[in-house]
Amino acid sequence: MPTDREVKLELRKKASEEPEKYYAVEVLRQEGFSRKQCGKCSRHFWSVTDSKVCGDPACSGGFRFFGKTPAKNRLDYIEVWKKFSGHFKKLGYEPIRRYPVAARWRDDTDFVQASIYDFQPYVVSGEVEPPANPLVVPQFSLRFNDIDNVGITGAHFTGFVMIGQHAFMPPEKWDKDKYFSDIHSWLMKGIGLAKEEVSYHEDAWAGGGNSGPCMEYFSRGLELGNQVYMTYENTPAGLKELKLKVLDMGMGQERNAWFTTAKSTSYEAVMPTVCEMLLKQTGAENDTELVKKFIPYSSYLNIDEVENIDQSWKEVAKQVGVSAEGLKGKIMPLAAVYSIAEHTRSLLVALSDGVLPSNAGGGYNLRVLLRRALGLADKYSWKIDLYRIAEEHAKYLKPQYPELLDNLEDVKEILEVEERKYRNTLTRATGLVEAAIRKGQLDEKKLIEMYDSQGVSPEIIAEEAARQNRKVKVPDNFYALVSARHEKKERQAKQQEKTEFAGVKETKALYYQDYRKTAFESKVAGVKGKHVALESTYFYPTSGGQEHDTGKISGEKVASVEKQGNIIVHMMQENPKFKAGDQAKCEIDWPRRKQLTQHHTATHIINGILRKKLGNHAWQAGAAKFPDKARLDITHYEPLTDGQLKEIEAEANRMIHAGKEVRKYFLPRAEAERKFGFALYQGGAVPGKQLRIVEVNGLDVECCGGTHLDNTSEAEQIRILRSSKIQDGVVRIEFAAGEAARKLDTGDHDTVNELAAVLECEPGQIPARAEELFSKWKDKVKKGKHADAKLTAAATYDGDVLAKASEIFRTQKEHLVKTAKRFREELEK
C-alpha cells in the first residue's frame, strides 16, 4: 500500500499533465488567470501577474502583509466566520454548528483534526446522508505536532478553527467549477482582494484512505486555504474512483483574521482580549517594532524543519539586526504569553466537550498543554489563573461558540484539580533530579521518561540541575517528542477464530425486539463441528460488554454465542445431532437472560445519573455485564466518595421506583445525531446507516445493541458494591441489580455476624474494632512482615479506612475471615 505522500506526489504529477480534467481551468481563464511554472519550486500556479515565482512564502519572500494588508475588509476573528457563513448562505450553502472536538463517532482518532473529520467515514463513503448538502462549518480542531512552535513563529496553534466548505455529490451532480467560483468570490468580495493579490497553486492531497487534486490559494506569502476535490479511494491496487465525490475546502479562521487585520502576530488577531489581559498581568514587554522585524523570519525557527535551531536563531537575529541572545530575551517571554493564551483556549474547548487530561490516550496531550502553560508561568514567576484566562476566551468566543460559557464550572474544577496534581509533582522534583544526576542519567530519554512517569517538566529539571552546577540540554522539540510517544496507534481488529459457513446468509437477529422472548423456532442454516448458524435467532451474542445467552437448540445445550461478521454462531457443548436444513426448537435460559438484561439497563441508569451529577466530562470508558454483577468505567478526575456513591445508588433506585419507560428503536444515523448529539456514542463508535437507540425516559439516550428492559421498574433494585480508580482519570463502579442485588443483602447479613465473631465484638462495635486492627496491620505490612496483597492494599489505603475495610471484608469474606483469625492470633502473640 503506497503511503499518503507517495499517493500525493503521483496524483499531483497526474493532475499537472491534465489540468483541464482536475481543476477549474475554464473559470480561471475567464477571470484572467494564466498557468505558470514556479522558477524556484517548479510547481504549477495561476496568476494574473507576470510573476516568475509562486505565492509560497519560501519562493515569494516570506509573509508580506504586516501593517499593510491588501484586504479591503478588515475582519476580526469572530467577524471572519460571521461574514463567511453569510456569504456562503447566499450561494446555497447551509451553515451548521461545529461538531465536538472529541471524535466520539470514530474509532481511529481521539480528536477532530480538520472539518472533514466530521463526515468520515460514513458520509464520505455515501453510507449516511450529510446534515446538509452543501454546507459550511466552523470546526474547532486539535493537533499536537506543533506544540514547541506555538508562540515563537507567530502562526502556529494546537487548537484552531478549520472553516469547512463541503459538498457530497454523485458524479453527475459534481460541479468543481461552481465550488471554485464560490471560494474565489469569497476572496474577492468577502475579504476584498484584488485579483493581482491572489495566486492559485495546483497540488494534490491524500489522507484517511482518500485522495484528490486540490487548489491552494495564497496572498502576500500566506496560504489562506486549500480546496480539495476528493475523488479517489486509495487501495493496494491503486486509485479507485469514489461513488460520491467530496468537496473538502479547509480555511483557517485564524489565518484569515490575521491577514485582514495585519497584526504583528496571529495570536493578537485571534485572542485580542486574552493577550491584552495576560500582557498586563505578566508585565511582559511587547516590543512591537522588534516583533514586526522578527515575524517575517520567524518561520525559519520552525522546529520541525530546521536541523540546528541555535544556528537558525543566529541567522534570524542577523536579519533583525540584534544579537541572538538579545532577540531571545525579547521574544521568548512574549512567546510564553502567547503559548499560555493558546494552550488555555485549546483546553477550554476540549474540557468543555468532555475530554479529561490524563496519562493515556488523547487526554495525555491535554495534560502536556496544561503543564507546559503552568511551567512557562513558573519559569517567569508569573501569578496567573488559567480559569480566568479560559473564562475570558469563552466570553470572547460567545457569538460563535455560546456553549463554552455553559460548561465553565466543569472547566474550572478540572483545571484546579490538574494544577494541584502539577504542584504535587514539583515537590518531588528535587529528589528525582538528584537521583538522576548521581546516576548520570539526564539525557533526552531520561527527560522524557521523568516527564512521562512523574510529570516533572524539563524546565524544572534544568533549573534544579543548574542549582547543582549541572547543565541539562532540553530538546527544542521536547513536547512534540512527548506527544509523538503517546499518539494513538491505529486500532488493530481483534483476531477471532472464525468458522466458515459456505453459502450461509446473514443471520436475522431478533433479540432487539423482545427481551422476554425465550422460546422460538428457526431453520438450521449451517453446522460445522460444534458451531451452528441459524437463519434467525433470539440468542444474544457476546458484544457491547454484555455476556452471551445460553440455552438449548433441539434439546442440546448452547455453551456460548458470538457474532462473526454478519453470522451469529452458536457454540454447542457437544457436536449436535441435528443438521443443516432441520427445523429447530430453541430455548433461552431465562434467569440468565433476565439478569444480564437487568444489568445492562442498570448500566444506562447509573451512567445517566453520573453524567448529571458529575458533569459533561463523565463519559463511559468501558462497561461489562455478567450474571452476578456489572461494572461501569467512567472518565472522572478524582475517586468517588462514599457520600457520592450513596447518592448515586439512592437516585438509581428512585429511577426504578418511578417506573420510567425504556424505549428501543432505530433511527437513521444523521437524524439520531441531529436529535441527540454525540453523547449517543457512550459505548464507543457505532458502525452502520441505522442506529439502535436505547432511551431511558428523561435520563439517558445511547446507541446500544444490547438486550434491555421495557421499564426501569423491571430492574427491581440496584446495589453499588464498590468504586475504585483503575487508571488516571478513569473511575470504576461495580454494582448489581435484581436477584444479584438481593443475594448481596443476605450475604452482607452473614458477613456482619461472622466478622463480629472473628473480631470478638458485638456487630455494632465492628467499625471501631476494624479500624483498630487495621492501624496495627498497617504498621506490620509496612515493615514487610505480611505480603498479603489485598490486606496490603487495605492497610495502605489513604482514604476512609473503615469504608475500605468494609468493602474488602464484604467482597473477600471467606479469604479475609481466615486471614483475620491468623492476624488476630499473631497480634496476641
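**Local backbone and aromatic features of the predicted model**

Pro121 is located in the loop that runs between strand 3 (94-95) and helix 6 (122-125). In this predicted model, the peptide bond leading from Gln120 into Pro121 is cis, and its omega is near 0°. Pro134 belongs to the loop between helix 6 and strand 4 (135-142).

Positive phi values were also found in residues other than glycine. Ala262 has a phi near 60° and is placed in the loop between helix 8 (253-261) and helix 9 (266-270). The relative accessibility of Ala262 is 11%, below the 20% limit, and the residue therefore counts as buried. Glu716, likewise not a glycine, has a positive phi of about 70°. Its position is in the loop between strand 22 (700-703) and strand 23 (718-727). With a relative accessibility of 28%, Glu716 is classed as partly exposed.

Helix 21 was examined along its length and at its ends. The N-terminal end of helix 21 is capped by Asp589, a side-chain oxygen of which lies 3.5 Å from the backbone nitrogen of Arg592. Just after the helix, Gly615 adopts a positive phi of about 120°.

Aromatic contacts were then considered. The model contains 33 aromatic pairs. In one of them, formed by Phe84 and Phe88, the ring centres are 4.3 Å apart and the planes meet at 25°; because this angle is under 30 degrees, the pair is stacked. Both residues lie in helix 5 (residues 77-90), where a separation of four residues corresponds to about one turn of the helix. Phe84 is buried, its relative accessible area being 0%, and Phe88 is also buried at 0% relative accessibility. Elsewhere, Tyr99, Trp105, Phe119, Phe168, Phe678 and Tyr681 are linked by ring pairs into a cluster.

Arginine side chains were also found over aromatic rings. Arg98 is positioned over the face of Tyr401, 5.1 Å from the ring centre. The charged end of Arg669 lies over the ring of Tyr122, at 3.9 Å from the centre of that ring.

How values were computed: Residues are numbered from 1 along each chain as its sequence is written. This is a predicted model: local features need pLDDT of at least 70, side-chain atom pairs count only at pLDDT 80 or more; totals for chains, interfaces and linings use all residues. Side-chain values use heavy atoms; hydrogens and water are left out. A polar contact is a pair of N or O atoms within 3.5 Å; within protein, one must be able to donate a hydrogen and the other to accept it, and residues adjacent in sequence count only if both atoms are side-chain atoms. Helices (H or I, at least four residues) and strands (E, at least two) are DSSP runs, numbered from the N terminus. Rings of Phe, Tyr and Trp (its six-membered ring) pair if their centres lie within 6.5 Å; planes under 30 degrees apart count as stacked, over 60 as edge-to-face and the rest as tilted. Buried means under 20% relative accessible area, exposed over 50%, partly exposed in between (1.4 Å probe, protein chains only). A charge sits over a ring if NZ of Lys or CZ of Arg is within 6 Å of the ring centre and within 35 degrees of the ring normal.
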